[in-house]
Structures are given as C-alpha cells and as structure tokens.
Amino acid sequence: MNGFVKTGKLQKAFDFLQDMENSGMIPDIVSYNTLISGLCKMRNVEEGMKLFEVLELKGMSPDVITYNTLISSYCKESMFDKAYLLLSRGVVKGFVPNDVTWYILVSSLLKELQ
C-alpha cells in the first residue's frame with residue numbers, strides 16, 4: 001500500500017485496502033495513516049478527514065501520526081480553524097499532543113504571520 005501511495009497511485013492503494021477487507025483482513029492504523037498521508041500530500045485534506053471519520057466509525061483509534069498528519073495539512077492550507085478544531089476534538093477523546101504537534105502549530109502560525 002505504501003508503495004502505491006509513494007508513487008501517487010492512490011486509487012490502487014484504496015483498491016488494495018478494499019481487497020484486504022474483502023479477504024477478511026482488518027487494516028490497522030498504519031494502513032489508514034498511509035492513505036491519509038497520501039491524500040494530504042495530494043492536497044486533499046478534506047478527503048483525508050473523511051477517511052479519519054471512517055476509521056473512527058470502524059472503532060479504530062487515530063494515533064498521534066494520524067492527528068499530526070491532518071493538523072499539518074490543515075496548517076499548510078492555512079485552515080488553522082480546522083486544525084484547532086481537530087486538535088480540540090482529539091484532546092476531548094484522549095489524544096495527547098506531542099512535541100511534533102506543537103511544533104507544527106507554532107511554526108505554521110509564525111510562518112503565516114511573516
């Protein structure tokens with residue numbers, strides 16, 4: 001899956017995820033993070049957020065990589081309100097921001113002010 005994402009073949013990566021599920025395998029958070037990262041690199045953070053919601057509906061817990069990927073992408077698109085909303089929502093659900101999370105937010109805001 002990672003190979004498909006790295007070469008920009010996101011549809012093939014999603015097809016692979018579907019094949020995994022159809023064969024009874026349960027994708028883990030790494031699989032979802034890979035797809036979310038791919039979507040965000042293609043500047044499609046809203047689709048990444050939809051996938052984030054799907055994984056939550058499936059009973060999976062996003063990890064710090066999931067949150068940081070989406071927060072970073074929102075910041076790169078100057079969608080600071082959405083980055084903050086995601087951060088706040090995550091904290092309520094038990095997400096503990098790490099140093100990278102704070103670096104993303106602070107550096108992005110400082111860059112925006114320049």
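How many aromatic pairs does a search of the whole structure find? The search finds two. Rings of Phe, Tyr and Trp (its six-membered ring) count as a pair if their centres lie within 6.5 Å; planes under 30 degrees apart are stacked, over 60 edge-to-face, and the rest tilted.

This is a predicted model, in which local features need pLDDT of at least 70, side-chain atom pairs count only at pLDDT 80 or more, and totals for chains, interfaces and linings use all residues. Residues are numbered from 1 along each chain as its sequence is written, and side-chain values use heavy atoms, with hydrogens and water left out.

**Aromatic cluster**

Phe-52 and Tyr-67 pair edge-to-face, 5.4 Å centre to centre, with 75° between the planes. Phe-52 sits in helix H4 (residues 45-57) and Tyr-67 in helix H5 (residues 64-76), so the contact ties together parts 15 residues apart in sequence. Helices (H or I, at least four residues) are DSSP runs, numbered from the N terminus. Phe-52 is buried at 0% relative accessibility. Tyr-67 is buried too, at 3%. Here buried means under 20% relative accessible area, exposed over 50%, and partly exposed in between (1.4 Å probe, protein chains only).

The rings of Tyr-67 and Phe-95 have centres 4.1 Å apart and planes at 15°, so this pair is stacked. Phe-95 lies in the loop between helix H6 (80-92) and helix H7 (99-113), so its pairing with Tyr-67 of H5 ties together parts 28 residues apart in sequence. Phe-95 is buried, with a relative accessible area of 9%. Phe-52, Tyr-67 and Phe-95 form one aromatic cluster.

**Nonpolar core**

The largest nonpolar core has 30 residues. Such a core is a set of buried Ala, Val, Leu, Ile, Met, Phe, Trp, Tyr and Cys residues joined through side-chain atoms within 4.5 Å. Among the residues with the most contacts inside this core are Ile-36, Phe-52 and Leu-70. Helices H2 (10-22), H3 (29-41), H4, H5, H6 and H7 each supply at least two of its residues. H3 gives the largest share, six residues.

Which residues does Ile-36 touch, not counting those up to four places away in sequence? They are Gly-48, Leu-51, Phe-52, Leu-55, Thr-66, Thr-69 and Leu-70. Contact means heavy atoms within 4.5 Å.

**Salt bridges**

Side chains of opposite charge can pair when their charged atoms come close. The whole structure holds six salt bridges. Each is a side-chain nitrogen of Lys or Arg within 4 Å of a carboxyl oxygen of Asp or Glu. Three of them are listed here.

| Salt bridge | N to O distance |
|---|---|
| Lys-58 and Glu-21 | 2.5 Å |
| Lys-50 and Glu-47 | 3.1 Å |
| Glu-56 and Lys-93 | 3.1 Å |

Lys-58, in the loop between H4 and H5, and Glu-21, in helix H2, are 37 residues apart. Lys-58 is partly exposed at 45% relative accessibility. Glu-21 is partly exposed at 24%.

Lys-50 and Glu-47 are three residues apart in helix H4, so about one helical turn separates them. Lys-50 is partly exposed at 47%, and Glu-47 is partly exposed at 32%.

The bridge between Glu-56 and Lys-93 links distant parts of the chain: Glu-56 in helix H4 and Lys-93 in the loop between H6 and H7, 37 residues apart. Lys-93 is exposed at 52%. Glu-56, Arg-89 and Lys-93 are linked in a network of salt bridges.
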